[in-house]
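Hi,

Here is the model for your next look. My notes follow below it.

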Amino acid sequence: MRILAFIVMLLMFSKNLVANEQIVLGLSQDEVAITANFDGSKILLFGAIQRDAPQPDGKMGVIITIAGPSKPIAVRKKEKRFGIWVNNQTVEVDAAPSFYAVATSAPFTEIVSDVEDLRNKISVERAIRSVGAPMHIQDSQSFTEAVIRIRKDQKLYQLLENEIVVDQSTLFRTSVDMPANLTEGDYFTRIFLTRDGKIVSQFDTIIDVKKVGLERFLFNLSRENPLIYGLLSLAIAIIAGWVASSFFRYIRHT
Amino acid sequence: MAALAIDLCTIIKLSGTMQIYLPIAEVSVNAFLLLGLGGFVGILSGMFGVGGGFLMTPLLFFIGIPPAVAVATEANQIVASSFSGALAHLRRRTVDLKMGTVLLSGGLIGAAIGLYIFNYLKSVGQVDLLVKLCYVIFLGIIGSLMFIESLNAIRRAKSNENVINRTNRHKGLVHTLPLKMRFKTSGLYISAIPPFAVGIFVGILSAIMGVGGGFIMVPAMIYILGMPTKVVVGTSLFQIIFVTGFATLLHATTNYTVDIALAVLLLIGGVIGAQIGTQIGSKMRAEQLRILLSVLVLLVCLKLATDLLIQPSELFSLGTIGN
């Protein structure tokens, strides 16, 4: 009886404590500027866990996700028809982030339960939303797997297990390499703190990835004044052709 | 002034890393690689009077440029290299301006039709396959024909039997059709309909395949129209400037896929290469030139054909849906 009372008290106590754990985060940069010589970027994320009381029991975990803008994609599978390999079946994936990185402080399945993963769409597999493939397609699963496989090869999807370093259960830091082929947009960043697989605290922020300078100018011109942009490209081509021609003629005549 | 300052900064920064981020293609590539590719294809362009697109477009796919951007930007780059090459030919008076005008008026109509077909196929999702099939079929036919023909020409030259009756061979069609015109530079008096039709046909193909179409235009001029080899290269380059220029504008305004940064890097290498190529070309004999071009055409054809026949390591591919 006394033991039971102690357990109940402990549970209440720990529950109270759990609510008092909070994440405080810092970013090395909250903006990624895509310049003419942009060759990928390393983002350093660091933070601390603020507590009002001593640390509760249970295995602690920190998970960080960075997700680029989501866009629908068409996944096509090749099949052999009349001796050549052609695109045959197509599955449309409703929303797949253009970039997705998951960093963890311990093996993924050890620090977050499947229920929490499902609810918060943490893992790469869950972050991709597919409402369902047409009925005639046998294994629609292999199509979403293909998206993950192809984007992992391009370093656009990353699972960085054990990459978050946690010091004395309070300070954590990690770095995420963002590849050169980034698309513009808001990169939604989430940090989860877990206890025994349950999320006890969450912190959200946004990393702004955008083109700057000449890149910005050219991109905007091509969308807003496509005719002027097209004429500009032609003018550059004609001038370059003329300059080269005259230059070589000059060399030959001297 | 400000733009110039930004440009200079960019160049200075570039000399440090040499990686460049392309604003429209949204990928980062090595600038030297692009300059080198432009130069290599430019040399071929000057030598053979082809735009070089049939080589450059697949090469751009290979280094990871999105196909739509590669096709559109390549059209822009061909404008520069063919303009540079055509100027050299104009000075040597090896351009049939009248014939060129007839060809390009057909070419402009063809390019518009071709872009319409291209955009339709893109919406169906089979554009890659049809572009590749076009490559394999046309490169295969033209490469083989040119190879056999040039081989025969070399053999004839060796046995000292000069065949002069070649202009008689196609007397049928080009001479019986109405609207006859005199093409002084080419020394021809033929109907304007066949060159106009050739122009339309090449225009369609150039918009679909992302090429200038010289590799089809050059043999068509020699074998169908019976033009002398001397003026074929210059005239081809002359009409390519206008057809690809028009295609560039169409791509820029409908698909927003012309990447100026990519085009500039390719054309710097390209225009220099074209000048070198014109010099090499003028020192070589026509038969040797044609046999070299045919081997090159067949090699590209073979590579594309094997890609279609052999099972790819990745069966799946990702594409975008609409806009």
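What share of the 323 residues of chain B count as buried? The figure is 49%. Buried here means 20 or more other C-beta atoms within 10 Å of the residue's own, with C-beta atoms placed from the backbone.

Some ground rules. This is a predicted model, where local features need pLDDT of at least 70, side-chain atom pairs count only at pLDDT 80 or more, and totals for chains, interfaces and linings use all residues. Residues are numbered from 1 along each chain as its sequence is written, while chains are lettered from A and ligands numbered from 1 in the order in which they are written.

Chain B
Its secondary structure comes to twelve helices and five strands. These are DSSP runs numbered from the N terminus: helices are H or I with at least four residues, strands E with at least two. Strands β3 (180–183) and β4 (188–191) of chain B run antiparallel, joined by four bridges. Pairing requires at least two DSSP bridges between the strands. B:K180 has B:S191 in β4(B) as its bridge partner. The two strands form a hairpin, with four residues between them. In the turn, B:G187 has a positive phi of about 65°.

Contact between the chains
Chain A gives 51 residues and chain B 52. Contact means C-beta atoms, placed from the backbone, within 7 Å. On the side of chain A that touches chain B, α7(A) gives the largest share, 16 residues. By class, that side has 30 nonpolar, 13 polar and eight charged residues. Nonpolar covers Ala, Val, Leu, Ile, Met, Phe, Trp, Tyr, Cys and Pro; charged covers Asp, Glu, Lys and Arg; the others, Gly among them, are polar.

Best wishes

Methods. Contact = placed C-beta atoms within 7 Å. Buried ≥ 20, exposed ≤ 12 C-beta atoms within 10 Å, placed from the backbone.
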